[in-house]
Amino acid sequence: MIKMQLESVCWKGGAFSPAPLPAPAQRTGTMAYDILAGHNTSGSMDHLKLRFDAMASHDITYVGIIQTARASGLKEFPLPYVLTNCHNSLCAVGGTINEDDHVFGLSAAKKYGGEFVPAHQAVIHSYMRERYAAPGRMILGSDSHTRYGAYGTMAIGEGGPELARQLLCKTYDIAYPKVMAIYLTGAPRPGVGPQDVALALIGATFKQGIVKNAVMEFFGPGVANLSMDYRCGIDVMTTETACLSSVWATDDLTRAALTALGRGESYQPMAPAEGAVYDGVITVDLSQVEPMIALPFHPSNAYTIRYFKAHMAELLHQVEADAAEQLGIQNPCLTNKIRDGKFYVDQAVIAGCSGGTWQNLRRAAEIIGETPVGSDAFWLSVYPGSQPINLALTRDGSLPALMAAGASVRSCFCGPCFGAGDVPANGAFSIRHSTRNFPNREGSKPGDGQISYVALMDARSIAATARMGGVLTAADELPDVPADRPEEQWAYDDAPYRARVYFGVGHPKPETELVYGPNIADWPEQIPLPEDLLLTVASAIYDPVTTTDELIPSGETSSYRSNPIKLASFALSRKDPEYVRRAHEVQEVESLRRTRPTAPAVTDFMAGYDPLRTGLGTLVMALRPGDGSAREQAASCQRVLGGCANLAQEYATKRYRSNVVNWGMLPFVADEVETLGIHPGDRLYIPGIASLLRGSGEEIHATLIQEDQQVPVTLRLPGLTREERDIILAGCLINYYAH
């Protein structure tokens, strides 16, 4: 099904052959190279400085981005910037604060010249596919699933500070990335959908880090056998491989889709050139892909449904064990859902940028047909990705058919993907065509004794399960499952957008006053880096991977994203409830040190270290932090609470490391982290850290203080650029631009 060749190869004569990997400037011929070269301003392909064609943010990120840019001198949006409202759409928590953010967003779009998409109109990525994605473009978004590669667009999901940089006419700076060829052959079998292909690819690549921070370049004869909706469904899930971005070859189907969207003139053919060299190649035979299921708690925990059904008890017992180890929940309920050799599901959801496409929901309606989902515990809800999709499905009868079968049709909203919609019951098992199944991502609260489980599946198998009354069923088990046709294209009508969207790109109205609600607050002041640091470990996490959802939970906390201090009170609340208290204790002493360095409380705490040159702060130790969402708050909340550093073996994603740096924290790595036995309350003394950053050094000798023991530790800061060093020295990106 999936074959991998992980040494560099040359594409020539319709085949791959081993080839040495040239320097970036000689790696011409890939689609990625052409796009990157066309957006690079540095004059060097070794070190890219990129400017994007457009940007997009949703309503749990755009307030902070605009506030950051405004504090740094923003006058108007220098590129098309789309503000969608697809996360806090329900306005269900915190009183007026969610709609206050939306009103702020509209006022900002007017003042600075942006595009504002009101709540329930579209999921951010559905909107950008329909309105902006086109061959050869680059789009930056403050959401990790910013992926529009199926249209030939290289899109990147990043933390808010990187978008603020673009608003200030700065650049996105990276070394030239790896480019991996994803070569598709064959055609999918009936009942096999895009999520199945995506989960198979994620399962084969994520744990080994095969495409981490790389560009995945899709081409091959199999592409022509996939509709545009199908391609988008695979493409959006590439985020879960930990890649940087993705791009696909374009063809007549791409042209037809762009024409249907009213943007046919933006089409251009794209394909790798003869002699293009790749860092490796992954071959996917689409005809061999089977219906898949990704069990809790990660999309890479993927199995064929056939295998799962043959080993249910064993695999479910492992999920229970994982829940006990990671979440501290002893709730052995999953194996109880096996009855008479069948596994019974409690809930199903088809939603968002991955599930809520026209083709997915059309196919689900066809598979369920007139069979009711039933009046027992099982239930099904569907969320179209946009109002134009909603309109098309209504006109062709798919939504009425789903409603008649008992499915609940919801608005265009991202809720099920991050725990703000359709939260299952305690102990329930939900199957979802959405993007993630991380812990807490469905909205449960293990710290309060609540847990539910989410498995990812394709809309086709979800519909088959619904047709069978909640008995887990792969779509290819049904005798009459319809096939997906590559030429399928839905009837796009942008009337809902013309009626409701504010189109202000290129037309700023500087006289407009920003509208603030009581929850919208400026970022608190951050101080420059002291000469030396004495850091207290406020949390130590030994999980193999720590997600951004664990660093700052999603769900109801999303409503406080416009209030940095309020939001920070939720930092690590589900992973380490004592973190905020520990951080506050150190922060109070540091605040006193800056005004009264000889106060007894300060000198007692510092235990002999010089309070005039040694700053106090906290650090979070985690083996591999930052998988998942691009949200900057995973780092900024630590900084608001006095955080000065992260210490890791490695960072799970480039975007999280960037967030750490942009918020003025040190992204330390150390090979021996796991063996040091670091615990909350330990201290790390780092003399000369400011001097190191003013120079070019990448290693510093520190002392780990554990009770009465002092252990020498070597900390590394690999790959810090001159600008990154200056940002940390300044205290954060806002300070850096202010100077």
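Because the model is predicted, local features are given only at pLDDT of at least 70 and side-chain atom pairs only at pLDDT 80 or more, whereas totals for chains, interfaces and linings use all residues. Residues are numbered from 1 along each chain as its sequence is written, and side-chain values use heavy atoms, with hydrogens and water left out.

## Pockets and cavities

A cavity is a set of points where a 1.4 Å probe fits but cannot get out, and a pocket is an open set with protein on both sides within 12 Å along at least five of seven lines. Lining residues have an atom within 4 Å of a point. Grid points are joined across faces, edges and corners, and a volume is the space filled by probe spheres set on the points. Lining residues are classed as nonpolar (Ala, Val, Leu, Ile, Met, Phe, Trp, Tyr, Cys and Pro), charged (Asp, Glu, Lys and Arg) or polar (the others, Gly among them).

| Space | Volume | Lining by class |
|---|---|---|
| Largest pocket | about 900 Å³ | twelve nonpolar, eight polar, twelve charged residues |
| Second largest pocket | about 450 Å³ | seven nonpolar, five polar, six charged residues |
| Largest cavity | about 190 Å³ | seven nonpolar, ten polar, five charged residues |
| Second largest cavity | about 110 Å³ | seven nonpolar, three polar, three charged residues |

The largest pocket has a volume of about 900 Å³. Its lining comprises 32 residues, of which Ile174, Ala175, Lys654, Arg657 and Gly719 are the closest to the centre. Helices (H or I, at least four residues) and strands (E, at least two) are DSSP runs, numbered from the N terminus. Elements that each supply at least two residues to this lining include strand 4 (47-50), helix 5 (160-167), strand 10 (172-175) and helix 25 (722-730). Helix 23 provides the largest share, with five residues.

In the second largest pocket, of about 450 Å³, 18 residues form the lining, and Phe297, His298, Gln326, Pro544 and Val545 are the closest to its centre. Helix 10 (residues 312-327) contributes three residues, the largest share of that lining.

Three cavities of 30 Å³ or more are counted. The largest cavity holds about 190 Å³ of space. It is lined by 22 residues, with His58, His87, Asp143, His145 and Arg441 closest to its centre. Helix 4 (124-131), helix 11 (352-355) and helix 15 (415-418) are the elements that give two or more residues to this lining.

The second largest cavity holds about 110 Å³. Arg129, Glu130, Tyr151, Asp229 and Trp490 are the closest to its centre among 13 lining residues. For this cavity, the elements giving two or more residues are helix 4 and helix 7 (228-235).

## Helix 5

Burial is assigned by relative accessible area: buried means under 20%, exposed over 50%, and partly exposed in between (1.4 Å probe, protein chains only). Helix 5 is largely enclosed by the rest of the structure, because eight of its eight residues are buried. Charged members of this buried set include Glu162 and Arg165. Cys169, which follows helix 5, has a positive phi near 65°.

## Buried loop residues

Contact here means heavy atoms within 4.5 Å, and neighbours within four places in sequence are left aside in the contact lists for Thr30, Asp251 and Leu514.

Thr30 is found in the loop between strand 3 (15-18) and helix 1 (31-39). Thr30 counts as buried because its relative accessibility is 1%. Its contacts are Tyr176, Val179, Glu217, Ala276, Val277 and Tyr278. Tyr278 is 248 residues from Thr30 along the chain, yet their C-alpha atoms are separated by 7.8 Å. The Thr30 side chain also reaches the backbone nitrogen of Tyr33 at 2.9 Å.

Asp251 occupies the loop between strand 13 (245-248) and helix 8 (252-260). With 17% relative accessibility, Asp251 is likewise buried. Its contacts are Val223, Ala224, Arg231 and Tyr267. With Arg231, the link is a side-chain to side-chain polar contact at 2.8 Å. A polar contact is a pair of N or O atoms within 3.5 Å; within protein, one must be able to donate a hydrogen and the other to accept it, and residues adjacent in sequence count only if both atoms are side-chain atoms.

Leu514 lies in the loop between strand 25 (502-503) and strand 26 (532-541), and is buried at 14% relative accessibility. It is in contact with Arg70, Phe104, Ser107, Ala108, Lys111 and Tyr112. Leu514 and Lys111 are 403 residues apart in sequence and 7.4 Å apart in space, C-alpha to C-alpha.

Technical notes:
On a 1 Å grid over the protein atoms alone, a cavity is a set of points where a 1.4 Å probe fits but cannot get out, and a pocket is an open set with protein on both sides within 12 Å along at least five of seven lines; lining residues have an atom within 4 Å of a point.
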